[in-house]
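Trainee: I've got a new model open and I'd like to walk through it with you. Can we start?

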Amino acid sequence: MIVTLIVICEVGFWVLLAAGLATRYLLKMPRAGMALLLCEPLLEVLLLVVSVMDLKNGAEPSWRHGLAAVYIGYTVGHGHRTVKWLDGHAAHRLGGGPPPPKPPQYGMARARHEGSIWLGSVVAASVASVLLLLAIWYVGGDGNTDGLRSWIFGAWRAVGIHGLIALSYAIWPKKAPEGISEDGSAVSARDPEHVPDLLVRGPRKDEEQIR
């Protein structure tokens, strides 16, 4: 039952997200669209309540309950970023808004960007760990809670690996090409000779012949 509910919550997340964005930008009803988007946290609350009820009714703690906690943690840590990213693209393609800014690609700007994503993973692991510890406390010493504890270890191991990857961008920052800023945009030059050749395109030969 828990696995089925996780699948339902995952599908419901994307259904509500698509419905909310379509309502905001296609039907031109921003308030109704926002209301649909705000319903998404209710799915996580439902998942948490059912998981606790399942343990309360005597179910043996298993990987299914651990997966539910990790799913809720991931939604808390990264759900907002996902919704914001999709909302920006929907506003551009459906609402005629400007294209969403791309994440930085070079230097310390990229390192800070990767660090902020890693902080989301820390939040996700923290939320999942709290839920799992509450489940372990709720079950008490009468049941086997090794499966739940293994999920806590796995969540923080993933955070550690993600942290090393994010740290590598700060230790070995990717250098931006000449004439390109860290955010990927072209930089201005005071004198033409300071502009890289790749950014300067003179008239083509056929244009010169026409002149």
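Mentor: Start at a helix end: just after α5, G140 takes a positive phi of about 80°. Helices here are DSSP runs of H or I with at least four residues, strands are runs of E with at least two, and both are numbered from the N terminus. This is a predicted model, where local features need pLDDT of at least 70, side-chain atom pairs count only at pLDDT 80 or more, and totals for chains, interfaces and linings use all residues. Residues are numbered from 1 along each chain as its sequence is written, and side-chain values use heavy atoms, with hydrogens and water left out.

Trainee: Which residue other than glycine has a positive phi?

Mentor: K28, with phi near 60°. Most residues other than glycine have a negative phi.

Trainee: Where is K28 found?

Mentor: In the loop between α1 and α2.

Trainee: Is K28 buried or exposed?

Mentor: K28 counts as exposed because its relative accessibility is 56%. The cut-offs are under 20% relative accessible area for buried, over 50% for exposed, and partly exposed in between, with a 1.4 Å probe and protein chains only.

Trainee: What does T23 touch?

Mentor: Leaving out residues up to four places away in sequence, T23 touches K28, M29, A32, G33 and L36. A contact means heavy atoms within 4.5 Å. T23 itself sits in helix α1, residues 2–25.

Trainee: And is T23 buried or exposed?

Mentor: T23 is buried, because its relative accessible area is 10%.

Trainee: Zooming out, how many helices and strands are there?

Mentor: Seven helices and zero strands. From the N terminus on, the elements run α-α-α-α-α-α-α. Buried residues make up 33% of the 211 residues.

Trainee: Where does V123 lie?

Mentor: In helix α5. V123 is partly exposed, because its relative accessible area is 37%.

Trainee: How far does α5 reach?

Mentor: α5 has 33 residues and reaches 48 Å from its first C-alpha to its last, close to the 48 Å expected at 1.5 Å a residue. The expected span is 1.5 Å times one less than the number of residues.

Trainee: New topic. How much space lies in the largest pocket?

Mentor: About 480 Å³. Its lining has 14 residues, and R81, K84, W85, P101 and P103 lie nearest the centre. The elements giving two or more residues to that lining are α4 (63–93) and α5 (107–139). The largest share, eight residues, comes from α4.

Trainee: What counts as a pocket?

Mentor: On a 1 Å grid over the protein atoms alone, a pocket is an open set of points where a 1.4 Å probe fits, with protein on both sides within 12 Å along at least five of seven lines; lining residues have an atom within 4 Å of a point. Points join across faces, edges and corners, and the volume is the space filled by probe spheres set on them.

Trainee: And the second largest pocket?

Mentor: That one has a volume of about 260 Å³. It is lined by 13 residues, with L37, E40, G79, H80 and V83 nearest its centre. Here α2 (30–38), α3 (40–56) and α4 each give two or more residues. α4 gives the most, with six residues.

Trainee: Last one. How many disulfides?

Mentor: The count comes to zero disulfides. The rule asks for a pair of cysteine sulfur atoms within 2.5 Å. Among the cysteines, C9 counts as buried because its relative accessibility is 1%. C39 is partly exposed, because its relative accessible area is 30%.
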